[in-house]
Number of protein chains: 2
Amino acid sequence: MKKTLPTIKEIAKQLNISISTVSRALHDHPSIGLRTKTRVQELAKQLQYEPNQTAIFFQQGKTFTIGVILPELSEAFFSSAISGIEDAAHKSGYTVLLGQSHDSVDKEKQLIETMKKHRVDGLLISISKNTNNYEHFEALQRYNIPIVFFDRIPKIPNIHYVACNMINGTVQAINFLLKKGHRIIGMINGPEKLPATKERLDGYIQAMIKSRLKYDAGLVLNSDLTKESVCAATEKLLTGKRKPTAIVTFNDYVAMDAVQQARKMKLKINKDICFVSYANLPISHYTAYPPMASVEQFPYQQGQKATETLIDLLQRKTNADNEAINTTYYKIILESQLVIHEGV
Amino acid sequence: MKKTLPTIKEIAKQLNISISTVSRALHDHPSIGLRTKTRVQELAKQLQYEPNQTAIFFQQGKTFTIGVILPELSEAFFSSAISGIEDAAHKSGYTVLLGQSHDSVDKEKQLIETMKKHRVDGLLISISKNTNNYEHFEALQRYNIPIVFFDRIPKIPNIHYVACNMINGTVQAINFLLKKGHRIIGMINGPEKLPATKERLDGYIQAMIKSRLKYDAGLVLNSDLTKESVCAATEKLLTGKRKPTAIVTFNDYVAMDAVQQARKMKLKINKDICFVSYANLPISHYTAYPPMASVEQFPYQQGQKATETLIDLLQRKTNADNEAINTTYYKIILESQLVIHEGV
DNA sequence: TAATTTTACGCAAACGCTTGACTTATTATT
DNA sequence: AATAATAAGTCAAGCGTTTGCGTAAAATTA
């Protein structure tokens with residue numbers, strides 16, 4: 001068993017040429033003659049030579065690694081996104097250093113430190129639910145490590161991001177319900193401060209107004225996404241003066257809890273009350289009463305697009321080290337889309 | 001904006017001392033005087049010095065990175081496992097390079113190449129469904145990159161692995177059903193060649209025999225996990241001469257399909273027919289008819305344990321570079337466990 | 001006070017590779 | 001035939017750290 005791996009030095013010695021010649025030969029440099037070039041390449045193959053990437057990383061000041069920090073891989077949204085990220089990264093020769101924040105700000109900060117230490121070339125981040133201070137991101141500027149945020153993006157100027165616009169999908173969802181004859185449509189939304197919550201509300205209002213229906217604020221309730229608060233909201237909606245015949249829920253988990261509550265109240269799902277949700281569970285159609293339709297937010301594509309954007313940024317950085325790149329920011333918005341489930 | 005990050009050379013120059021002194025001072029080396037030590041450390045802090053890890057990686061021939069190759073993060077089992085991996089890795093100062101094979105052998109090989117190029121210190125692998133040639137793993141021996149397999153392990157000798165023994169949990173599952181009064185118990189198992197399938201079968205047989213019930217091979221059917229084959233198996237079981245009153249299914253997906261089929265046949269779930277499954281969906285209790293109980297396989301713990309094992313291997317490697325380490329292999333088996341669901 | 005130990009630090013090599021600058025043959029140009 | 005241009009290499013610096021070894025100066029011992 002060989003103890004030490006072959007290096008270009010080794011090859012150079014065996015062929016009695018200089019290491020720079022070997023290096024250039026392996027890179028097909030024009031100033032090396034065909035003869036020696038093939039000699040080198042053959043010996044390299046024979047010795048199963050492989051360049052020591054750590055040396056190259058070091059020498060080039062690049063690691064061809066991109067760090068990914070996201071809240072929770074067990075959320076289907078993110079496990080889908082990471083596939084998009086991986087695929088796009090590998091396509092350009094990058095690899096993915098992973099870290100989950102589990103929605104903890106401390107963990108997030110810690111991960112950034114680690115990524116910084118490992119000298120990732122760039123960072124892809126979906127921020128934790130509880131992040132409202134952004135210094136730890138800004139600190140990376142100093143290291144010239146670009147960040148592209150995706151899905152959950154901080155509310156600060158001058159950042160690159162990729163996100164999915166929920167307004168459009170929400171409008172489609174409401175229109176779908178209107179077309180089905182529903183006139184009183186409720187919404188169980190998320191935490192008030194979340195941008196995602198606001199977008200859903202905006203879509204709701206927009207759709208109502210365009211259809212010349214008045215917007216009844218009493219029909220839109222916020223929740224903190226816990227089972228209790230969702231059940232409470234559901235109950236409140238279903239016992240109000242204006243009882244909705246359809247409810248749009250913040251996501252599939254909310255939908256499931258709301259369904260449960262409605263059933264507890266002896267309502268027939270899809271008859272007395274219909275649900276439309278935002279897709280995050282691929283198997284939601286296996287659940288007892290799947291939503292009639294869901295708004296799809298294309299996690300795979302978001303991840304992919306974010307990665308492509310980051311890599312683009314990285315290329316530019318190496319090409320032109322000027323300041324101009326710092327002045328323009330990518331803001332990429334994908335459109336969400338309503339998907340109507342089978343048998344509806 | 002600083003263009004170049006501070007190095008120890010920089011510090012050395014400013015303090016007019018040698019770089020080796022700086023290096024040692026920062027490492028609290030005993031042969032550096034307290035006076036200079038603090039001077040160095042203070043300047044380092046002031047300049048926000050951070051060691052260039054790529055240089056260190058290179059110099060030490062270690063990257064403090066472990067590669068993880070697994071089939072599919074969108075499977076709850078693996079997204080759980082990766083959390084265990086991450087936590088254990090971070091605890092020891094390692095980071096995680098991620099790659100999904102999506103159950104493709106080619107992708108798996110490719111990932112191994114990438115990981116090798118990136119000079120990961122060690123590898124954690126759960127093999128793809130279709131892998132039946134193991135050369136690409138063996139090739140890593142040459143690079144002295146240890147592998148610990150987890151959950152899905154290749155059938156070759158002389159490997160380290162962590163897996164979960166399903167036999168015990170299966171025995172518990174059967175016993176649970178027996179205690180509930182069931183006497184005819186069916187099983188919808190997985191593909192025949194899978195070790196996971198064999199273990200389930202073994203558990204089934206063991207439990208039956210221990211209870212002095214005869215093992216009826218007609219009650220155990222294999223499936224290839226597709227919806228069609230599961231439905232067919234379910235139908236066959238429920239129309240056979242000996243109709244089971246309970247069925248153990250290979251996993252939660254199988255359970256859902258089987259339930260659907262049973263309902264199609266006008267059977268009342270939990271009355272005419274009961275189901276017990278192997279846990280892989282955290283939200284399975286949200287489904288229409290969740291299984292009465294599931295066999296838990298502790299993905300988080302498996303990931304954690306596998307990582308700890310790998311790191312242990314890595315420590316040994318640096319400590320004693322002898323051959324002895326190559327002669328003993330870790331084979332760690334966790335026990336599965338039956339979890340009885342609420343309201344049963 | 002001389003000899004010896006200890007303390008505190010500097011020198012320089014090494015890790016493997018890339019690359020700008022320089023050198024020496026060889027071939028082409030006038 | 002002298003000069004210029006090209007081809008094919010070589011040299012050596014440099015990337016940032018770590019570390020074995022050497023060595024003054026200071027402290028201890030005899």
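## A buried aromatic pair

Phe78(A) counts as buried, with a relative accessibility of 1%, where buried means under 20% relative accessible area, exposed over 50% and partly exposed in between, with a 1.4 Å probe and protein chains only. Phe77(A) is buried as well, at a relative accessible area of 7%. This is a predicted model, in which local features need pLDDT of at least 70 and side-chain atom pairs count only at pLDDT 80 or more, while totals for chains, interfaces and linings use all residues. Residues are numbered from 1 along each chain as its sequence is written, chains are lettered from A and ligands numbered from 1 in the order in which they are written, and side-chain values use heavy atoms, with hydrogens and water left out.

The ring centres of Phe77(A) and Phe78(A) are 5.2 Å apart and their planes stand at 85°, so the pair is edge-to-face; rings of Phe, Tyr and Trp (its six-membered ring) pair if their centres lie within 6.5 Å, and planes under 30 degrees apart count as stacked, over 60 as edge-to-face and the rest as tilted.

## Other ring pairs

Over all chains, the structure holds 11 aromatic pairs. Ring pairs also join Tyr134(A), Phe137(A) and Phe149(A) into a cluster.

## The nonpolar core

The largest nonpolar core has 48 residues, of which Ile82(A), Leu124(A), Phe150(A), Ile82(B), Leu124(B) and Phe150(B) touch the most other members; such a core is a set of buried Ala, Val, Leu, Ile, Met, Phe, Trp, Tyr and Cys residues joined through side-chain atoms within 4.5 Å. Beyond its neighbours within four places in sequence, Ile82(A) is in contact (heavy atoms within 4.5 Å) with residues of both chains, including Val68(A), Leu70(A), Leu73(B) and Gln100(B).

## The surface near DNA strand D

DNA strand D is surrounded by 27 residues, and the closest are Thr21(A), Gly33(A), Thr36(A), Ser23(B) and Tyr49(B); a residue is near a strand if one of its heavy atoms lies within 4 Å of it.

Phosphate oxygens of DNA strand D lie 2.6 Å from a side-chain N or O atom of Tyr49(B), 2.8 Å from a backbone N or O atom of Ile8(B) and 3.1 Å from a polar side-chain atom of Ser18(A). Elements giving two or more residues to this surface include helix H2 (19-26) of chain A and helix H1 (8-15) of chain B, helices being DSSP runs (H or I) of at least four residues, numbered from the N terminus.

Notes. A polar contact is a pair of N or O atoms within 3.5 Å; within protein, one must be able to donate a hydrogen and the other to accept it, and residues adjacent in sequence count only if both atoms are side-chain atoms.
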